Amino acid sequence: MINAPVPVLPVMSTKGWRFPIAKNTVEDVYSGMTVCKVESGTSAIALALGLSGIDSLSEVLVPAYNCKSMREPVWVHGAQDVLYAVHADLSIDIADVESKLTARSKAILVPHFFGFPQPMRDIKRLCAENDLTLIEDCAHVFYRMPGGDSIGTNGDYIVGSATKFFPVTDGGFLASSSHDLSVIRDRGNSSIKRDLKALVNGLEISFKHGRLPVLRFVFSPFIRMVSRLREQADEVSGATVEQAARQLDHIDRENYGRPMTRTARVIVGFCSPENAVDRRRLNYIRLCQVVAGLSRCEALFPEIPSATIPYMVPVIISDPEETFPVLKRSGFPMYRWENCGRSDCEISNRYTRELIHLPCHEQLTSDELERMIELLQRHLA
């Protein structure tokens, strides 16, 4: 497919698989822990908060620089999200967290942004001294390197996301080495309807991005029919502005405890971790080399530690009011967190405008990577 859009997240293709399944990827990553495979990373946060006893009288500390899926789980429980400041390298501002603690503070969410580790020793001390439940958000981390940082081993609860690291449309992980998760594990399997929907959605996204041409030829009429039915079923929300401010876009208030679909579980099991680790690091390094030669942007983390497996490449752009719309119109694949909520954190207020997230996942083809580089050089030189 000519000029198919570049995928921001992994999509199903003919590359990156292993046959037969040699080991259980998820259990290997969360070794020594009880792990539950749930609907999404957002759902995993909500479940962790529920197990921590969070209710409408609670406050949960969340980074001021965030995507809405970090705050929605707090709202599910009727609790108040309290935004704490981060430094320019997105490390947690311990002093600001301490200044915002109250008698109602019950938990803190600490994400390893883009796969780069937080100062967990200081954070664990803070939690121990103030009786806070530590939810270690590993949505931007999955694979671990031997001898690397202890990412994903520090929290009372560890949460992860499958959709950011695998070509699936659902899936999250909730793990703990110190808390009982049997109430989550005993919820059974997903429905056949959800399994089939996950498969159809995954194929539809794959076809959109020019993958699996033979299957696209065979199944395109069926996919188009499903898309038309979906469009007919969609309804425009009548939420007020006030309701929309806390509207749940990433989580189903009534069904957030649903398990990961069997479709996603099978796909995760067949993905090659070796291929993912190597390609992500190489793509990250290549993009940082290009960005280093441009005058209108800079990489937030220009150097990548040997043990870090990145989620995306964070890049600070100058003149965002001019450059971001130009990049967007050009079809450049990227994210930007624009709805972080009001806070007194200057870094977050800057980064909502200036920080864009570039894909570096293993499913990018060499042609797609070159297209990205050409657009960066054209618009940010």
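This is a predicted model: local features need pLDDT of at least 70, side-chain atom pairs count only at pLDDT 80 or more; totals for chains, interfaces and linings use all residues.
Which residue in E5 is the bridge partner of Val110?

**View 1. Strand E4 pairs with strand E5.** The bridge partner of Val110 is Glu136, in E5. E4 covers residues 105-111, and its pairing with E5 is parallel, over five bridges.

**View 2. Strand E5 is mostly covered.** The strand runs over residues 133-138, and six of its six residues are buried. In a regular strand the side chains alternate between the two faces of the sheet. Thr133, Ile135 and Asp137 point one way from E5. Leu134, Glu136 and Cys138 point the other way. Both sets are buried.

**View 3. Helix H11 packs with helix H14.** H11 spans residues 273-292 and H14 spans residues 366-380. Their axes lie 10 Å apart, at an angle of about 20°. Angles under 35 degrees count as roughly parallel, so H11 is roughly parallel to H14. The crossing is right-handed. H11 brings Asn283, Arg286, Leu287, Val290 and Val291 to the contact. From H14 come Leu369, Glu370, Met372, Ile373, Leu376 and Gln377. By class, seven of the contact residues are nonpolar, two polar and two charged.

**View 4. Helix H2 packs with helix H3.** H2 takes in residues 41-51, and H3 residues 68-76. The angle is about 35°, and the axes are 8 Å apart. This crossing is right-handed. Thr42, Ile45, Ala46 and Leu49 of H2 meet Ser69, Pro73 and Val74 of H3. The contact has five nonpolar and two polar residues, with no charged residues.

Definitions and conventions. Residues are numbered from 1 along each chain as its sequence is written. Side-chain values use heavy atoms; hydrogens and water are left out. Axes are lines fitted to C-alpha atoms, for helices over the stretch in contact, and angles run from 0 to 180 degrees between N-to-C directions. Helices (H or I, at least four residues) and strands (E, at least two) are DSSP runs, numbered from the N terminus. Angles under 35 degrees count as roughly parallel, over 145 as roughly antiparallel, 65 to 115 as roughly perpendicular and the rest as oblique. A crossing is left-handed if the near helix is turned anticlockwise from the far one by less than a right angle, and right-handed if clockwise. Contact means heavy atoms within 4.5 Å. Ala, Val, Leu, Ile, Met, Phe, Trp, Tyr, Cys and Pro count as nonpolar, Asp, Glu, Lys and Arg as charged, and the others, Gly among them, as polar. Buried means under 20% relative accessible area, exposed over 50%, partly exposed in between (1.4 Å probe, protein chains only). Two strands pair if DSSP finds at least two bridges between them.
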